Amino acid sequence: GSELGTWKFISMQTNISSTFEGVQSGMNVKVVTTGDYTTTNNGGTITFDDPHMSFAGLTYAVNTTAKAAMYMNDILIRYTDLRITGSQPPTDDTGEYEKFRADSIYVQSDALSIIDAGGILQSSGIGFKLRWNGNQMTMTTHMQQIRDEEYMGMPVKANIDATAGLTLEKQ
């Protein structure tokens, strides 16, 4: 298959694991969340015109529940459901991509983001493995970010690990 041409954005399937670690009242606190979701309210197109990749009206929403485990000093104190909601407003962007093998590309664009328990996971450069099935193409990537942020009112070190697969349909 070939990535060249215009593709309708069908959905994104995501698997996320996030760990947030900090200190509260002198105790080590760790929250581990895990979840899977498929985006809804999907729209827009992605066009590949080597070496450019253009997004037109790319949009989606997430409304799901992740599992969260909270530990204090390495003792499990709570296991609960955690709502993950958010949306990608319609986005237009053009970036460059480079093809490495028949099934691998590296994209430089800010238009692709993943919604997680800590907010939005975004990268300006992402590698994808491509797979074709009839008139559909799946772009799969793995992203990891380690960052300092605030979670439940305390400063934490966040480690977010996500695998996402974008399903596209040839136009």
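The charged end of lysine 30 sits over the ring of tyrosine 71, 5.6 Å from its centre. A charge counts as over a ring if NZ of Lys or CZ of Arg is within 6 Å of the ring centre and within 35 degrees of the ring normal. This is a predicted model: local features need pLDDT of at least 70, side-chain atom pairs count only at pLDDT 80 or more, and totals for chains, interfaces and linings use all residues. Residues are numbered from 1 along each chain as its sequence is written, and side-chain values use heavy atoms, with hydrogens and water left out.

Next, the aromatic pairs. The structure holds 2 of them. In one, the ring centres of phenylalanine 48 and tyrosine 97 are 5.2 Å apart and the planes stand at 90°, so the pair is edge-to-face. Rings of Phe, Tyr and Trp (its six-membered ring) pair if their centres lie within 6.5 Å; planes under 30 degrees apart are stacked, over 60 edge-to-face, and the rest tilted. Phenylalanine 48 belongs to strand β3 (residues 40-49) and tyrosine 97 to strand β5 (residues 75-101), so the pair ties together parts 49 residues apart in sequence. Strands (E, at least two residues) and helices (H or I, at least four) are DSSP runs, numbered from the N terminus. Phenylalanine 48 is buried at 2% relative accessibility. Tyrosine 97 is buried too, at 4%. Buried means under 20% relative accessible area, exposed over 50%, partly exposed in between (1.4 Å probe, protein chains only).

Now the backbone. Most residues other than glycine have a negative phi, and most peptide bonds are trans. Serine 25 has a positive phi, near 55°. It lies in the loop between β1 (5-24) and β2 (27-38) and is exposed at 75%. Asparagine 41 also has a positive phi, near 50°. Its place is in strand β3, and it is exposed at 62%. The peptide bond from aspartate 50 to proline 51 is cis, with omega near 10°. Proline 51 is in the loop between β3 and β4 (52-72).

Last, the charges. The structure holds 6 salt bridges, each a side-chain nitrogen of Lys or Arg within 4 Å of a carboxyl oxygen of Asp or Glu. Aspartate 81 pairs with lysine 67, with the closest N and O atoms 2.7 Å apart. This pair links strand β5 to strand β4, 14 residues apart. Aspartate 81 is partly exposed at 47%, as is lysine 67 at 38%. Aspartate 148 bridges to lysine 157 at 3.1 Å. Salt bridges that share partners join Arg101, Asp103 and Lys129 into one network.
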